[in-house]
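Subject: Structure handover

Hello,

Here is the structure for you to look through. Please open it beside this email and follow along.

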Amino acid sequence: MYIVFEGIDGAGKSTQIRLLKEWLEANGFRVETLVEPTDSEVGKLIRKILQRPDATTDRIQKTLGLLFAADRMLIMDKLSDEKKVIISDRSFISSLAYQEPASWIREINKYAKVPDLVLLLDLDVKTSVNRSNQEDEFENEEFLTNVKVNYLEIIKDFNHKIIDANGGINKVSSDIKKAVAPYMGICPDCIR
Ligand code: TYD
């Protein structure tokens, strides 16, 4: 099972991934977590470019689109482990939401694995901007509003669940467990 967390910056993806991993492990599953961009050479280059003042320009967005696609090619073999639940912080769906145009992003990501389940952590853009460290150029209101609109459209093409990420950590975590439970043979009504 390949589960992907998506959403605009500051939605709490890393905390929720940790909580989901702990819960699945307590239920006897083997779990591996991944993060995109990765810590590969390409991933490191991406993180540098994200801090450039011109990171949201069309030219740099196209450059990033290519680098993100290359970065995820490097982890492709990790996504097909039959014995483990793979939980990933982002996937090529982030590229569809953040970079453009969608037809080109799909083309350069055609070898990327399609997730079995996408959990979209839906957060108010204002909350996202307030929570962010504003280290990256993407963390501004106008840019993230566009990303959020893109997400809500793109997500329809994938098996997904939209999770309201504006609540407290425990409420969000319990909503995520309820969404994942049916795939794991766990009773959703047994979750607090
Ligand atoms: P992330 O590590 O989630 O951000 P942070 O550590 O600041 O919370 O991701 C870095 C940024 O890269 C984030 O703004 C989203 C962006 N991104 C894309 O634009 N396209 C992609 O394909 C991916 C995977 C991430």
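Where is proline 37 found? Proline 37 sits in the loop between strand E2 (31-35) and helix H2 (41-50). Helices (H or I, at least four residues) and strands (E, at least two) are DSSP runs, numbered from the N terminus.

Some ground rules come next. This is a predicted model, in which local features need pLDDT of at least 70 and side-chain atom pairs count only at pLDDT 80 or more, while totals for chains, interfaces and linings use all residues. Residues are numbered from 1 along each chain as its sequence is written, and side-chain values use heavy atoms, with hydrogens and water left out.

**Backbone**

Back to proline 37. A cis peptide bond joins glutamate 36 to proline 37, with omega about -5°. There is also a cis bond from glutamate 100 to proline 101, with omega near -5°. Proline 101 lies in the loop between helix H4 (92-98) and helix H5 (102-108).

Now look at arginine 90. Its phi is near 80°, a positive value in a residue other than glycine. Arginine 90 is in the loop between E3 and H4. Arginine 90 counts as buried because its relative accessibility is 12%. The cut-offs are these: buried is under 20% relative accessible area, exposed is over 50%, and partly exposed is in between (1.4 Å probe, protein chains only).

**Helix packing**

How do H1 and H8 pack? Helix H1 (residues 13-26) and helix H8 (residues 169-184) meet at an angle of about 50°, and their axes are 10 Å apart. So H1 is oblique to H8. Axes are lines fitted to C-alpha atoms, for helices over the stretch in contact, and angles run from 0 to 180 degrees between N-to-C directions. Under 35 degrees counts as roughly parallel, over 145 as roughly antiparallel, 65 to 115 as roughly perpendicular, and the rest as oblique. H1 passes H8 in a right-handed crossing. A crossing is right-handed if the near helix is turned clockwise from the far one by less than a right angle, and left-handed if anticlockwise.

H2 and H3 are another pair. They pack at an angle of about 155°, with axes 9 Å apart. H2 and H3 are therefore roughly antiparallel. Their crossing is left-handed.

**Salt bridges**

Side chains of opposite charge can pair when their charged atoms come close. A salt bridge here is a side-chain nitrogen of Lys or Arg within 4 Å of a carboxyl oxygen of Asp or Glu. How many salt bridges does this rule give? The count is 15.

Helix H1 holds arginine 18 and glutamate 22, which are 4 residues apart, about one turn of the helix. Their side chains meet in a salt bridge at 3.6 Å, N to O. Arginine 18 is partly exposed, at 45% relative accessibility. Glutamate 22 is partly exposed too, at 42%.

Lysine 21 and glutamate 25 also lie in helix H1, 4 residues apart, about one turn of the helix. They form a salt bridge, with the closest N and O atoms 3.1 Å apart. Lysine 21 is partly exposed at 24%. Glutamate 25 is partly exposed at 37%.

Elsewhere, glutamate 107 forms a salt bridge with lysine 110, and the closest N and O atoms are 3.4 Å apart. Glutamate 107 is partly exposed, with a relative accessible area of 46%. Glu32, Asp81 and Lys84 are linked in a network of salt bridges.

**Surface patch and strands**

Which residues make the nonpolar surface patch? Met73, Met76 and Tyr111 make it, and it covers about 310 Å². Patches take residues with over 30% relative accessible area and no salt bridge; like charges are joined within 9 Å, and nonpolar side chains (Val, Leu, Ile, Met, Phe, Trp, Tyr) within 5 Å. Accessible areas come from the Shrake-Rupley method with a 1.4 Å probe; for residues, only the protein chains shown count as cover. Methionine 76 is in the loop between helix H3 (58-73) and strand E3 (85-89). Methionine 76 is partly exposed, at 32%.

Is leucine 119 buried or exposed? Leucine 119 is buried, at 0% relative accessibility. It lies in strand E4 (residues 117-122). Isoleucine 162 is in strand E5 (residues 160-164). Isoleucine 162 is partly exposed, at 39%.

Over to you.
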